[in-house]
Amino acid sequence: MWQALLRPARQLGQAMIDFALPPRCAGCAEVIEELDGFCPDCWSKLDWLGHSGCQCCGCPLDLAGADLCAACLAAPSPLDRMRAAVAYGDVPRTIALKLKYGRKVALARTMARFMAPLCRPAGAAMVVPVPLHR
């Protein structure tokens, strides 16, 4: 019974929070519709890497049908697999700097949203770099 009474109160509370603090683009802070997302301009500036590329380091491959890049063939990495959701550019750099130096810790959730689909199944060992700045 209490759940039925609390649900409308939570929805009203969430609507008030969304009105006072609307979701903002992770790249430029423009007001957007969806939490943990990007405005159309920032979205278009992202170079999505996805699951394609070298199966070890994730770098784009020049040769179609190849599994490993020349660098990984020449000097195999001690890690099985490395992945990034997007190529490093202006928008990803801005987000990383805001997270690292601007204390915008909510951006970690945005980053995780787009990196999670690239991770291995649960239970597999994973190394995640952590910035050393406070």
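Begin by selecting Phe38, Trp43, Trp48 and Phe114, which together form one aromatic cluster. The model on the screen is a predicted one. In the structure there are five aromatic pairs. A pair of aromatic rings is described by the distance of the centres and the angle of the planes.

Next, keep Trp43 and Trp48 in view. Their rings make a tilted pair, with 4.8 Å from centre to centre and 40° between the planes. Trp43 has a relative accessibility of 41% and therefore counts as partly exposed. Trp48 is likewise partly exposed, at 31%.

Select Arg83, Met115, Val127, Val128 and Pro129, the closest to its centre among the 41 lining residues. Helix 4 (90–101) and helix 5 (107–115) each contribute at least two residues to this lining. By type, the lining comprises 32 nonpolar, two polar and seven charged residues.

Finally, visit the second largest pocket, which holds about 360 Å³ of space. Of its 17 lining residues, select Arg24, Cys25, Ala26, Ala106 and Leu107, which lie nearest the centre. Helix 5 provides the largest share of this lining, three residues. The lining divides into 10 nonpolar, two polar and five charged residues.

Conventions. Residues numbered from 1 in each chain as written. Predicted model: local features only at pLDDT ≥ 70, side-chain atom pairs only at ≥ 80, totals over all residues. Heavy atoms only, no water. 1 Å grid on protein atoms, 1.4 Å probe; cavity = no way out; pocket = protein on both sides within 12 Å on 5 of 7 lines; lining within 4 Å. Helix = DSSP H or I, 4+ residues; strand = E, 2+ residues; numbered from the N terminus. Nonpolar A, V, L, I, M, F, W, Y, C, P; charged D, E, K, R; others polar. Points joined across faces, edges and corners; volume = space filled by probe spheres on them. Phe/Tyr/Trp six-rings, centres within 6.5 Å; stacked < 30°, edge-to-face > 60°. Buried < 20%, exposed > 50% of the residue type's maximum accessible area, 1.4 Å probe, protein only.
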